[in-house]
Amino acid sequence: MHIKSVMGVAVMTALLLTGCGGQNDGKITLRMAQASASDGAIGKSMDEFAKEVNEKSNGRISVHTFHNGQLGSERENIESVQMGDLDMAVVNQSVLVNFEPSIAVFDLPYTITSTEHADKVFLGEIGKEFLDKLQKVRLRGFAVWESGFRNLTNSKRPVNSVEDVSGLRIRVMENKIHQDLWAALGADPVPMSWSDAYTGLQQGALDGQENPATVIDKNNVVEVNKNMAMTEHCYSTVFILFSPKIWDRLSAEDQKLLNDCMNEASLKERALSRKMDKEAIITLESKGMQVTYPDKKGFIEKSAVVRQKYGAAFKEVGDRIAALAE
């Protein structure tokens, strides 16, 4: 049997065996899905969360994790959580914008200026407010985890200043703010899915892309791009979503256990993400990636037009986010 067929059968069998929020003889089985790889900070932390839940419930609650889009795309996972067909989903902020538009404030370039700033925002009152907002679109915001600061790679030249970006054909996410950002910086932005991007980079149809260092490393971007600039233009997160339909079926005791495990997992994931990010830069350099640290001032100035265009819609929360950086 073809390997994909075997995987498909395995996933379907798992679905049939577990059900959604399945309960059997007092035991509860939950499914938690993401579209990214299992060996990143997010994937590792999902597995660690599952282990903690199992241990602290003495085996009564099992969390089955699914990586690499086994249970569908991020958008499909969100819709499945809304309907109660999937218990938990881990999705990028830029996809969740389609369900809660105000999350787009975090896509604005240079909104989050450091990891310390990120923690003040996402582990504090503002983070809680954004999680609570999801209730109105039939989602329970469970936590916000770190994906990391996004950096630029390309095959043409080292980027030492914003002027070096001019004319580069860059793959960007299918997100209008990101497209306008790279146009403002002088690049030629090409929106497309990540699954298509690597082929474009291999064939030379694209000059570069932008992602956190760990994503760049895990996806072997160094094989097609030899230059990485630490632009840190956008801080990416993933939101952990829980199905309200499933959550409401759980006892107060089980809800507390899951909340406690998730709070602990959130702190550990952030620490792991930062550790892996530093390691990824070292690994990429060892594989031949030339890493530059351009002055961000030029990038911040040139991207001001994007913050002005989109930021008006989020002025109140944008000002509060900025105040936490001081």
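Student: Which residues of helix α13 are exposed?

Tutor: This is a predicted model, in which local features need pLDDT of at least 70 and side-chain atom pairs count only at pLDDT 80 or more, while totals for chains, interfaces and linings use all residues. Residues are numbered from 1 along each chain as its sequence is written, and side-chain values use heavy atoms, with hydrogens and water left out. Buried means under 20% relative accessible area, exposed over 50%, and partly exposed in between, with a 1.4 Å probe and protein chains only. Helices (H or I, at least four residues) and strands (E, at least two) are DSSP runs, numbered from the N terminus. In α13 (residues 304-311), Val 306, Tyr 310 and Gly 311 are buried. Viewed down the axis of α13, these buried residues fall within an arc of 105° (taken from the directions from the helix axis to the C-beta atoms), so they line one face of the helix. Gln 308 and Lys 309 are exposed on the other side of α13.

Student: What covers the buried residues of α13?

Tutor: Here one looks for contact, meaning heavy atoms within 4.5 Å. The covering elements include α7 (176-184) and α14 (315-323).

Student: Which residues of helix α5 are buried?

Tutor: An α-helix has 3.6 residues a turn, so residues three or four places apart point the same way. In α5 (residues 115-122), the buried residues are His 117, Ala 118, Val 121 and Phe 122. Down the axis of α5 they fall within an arc of 115°, so they too line one face of their helix. Packed against these residues are α6 (125-133), β5 (140-154), β10, α11 (252-286) and α14.

Student: How many residues of strand β2 are buried, and in which sense do β2 and β3 pair?

Tutor: Of the 8 residues of β2 (residues 27-34), 7 are buried, so the strand is largely enclosed by the rest of the structure. Two strands pair if DSSP finds at least two bridges between them; β2 and β3 (residues 61-66) do so in the parallel sense, over 6 bridges, and Ile 28 has Ile 61 of β3 as its bridge partner. Between β2 and β3 the chain passes through helix α2 (residues 41-56) in a right-handed β-α-β crossover (with the strands pointing away from the viewer, the path from the first strand over the helix to the second runs clockwise). Strand β4 (residues 88-92) also runs parallel to β2, joined to it by 3 bridges, and Gln 34 stands opposite Val 90 in β4.

Student: Where does Thr 231 lie, and is Thr 231 buried or exposed?

Tutor: Thr 231 lies in the loop between β9 (227-229) and β10 (235-242), and at 1% relative accessibility Thr 231 counts as buried. Not counting residues up to four places away in sequence, Thr 231 touches several residues, among them Tyr 110, Arg 150, Pro 294 and Phe 299.
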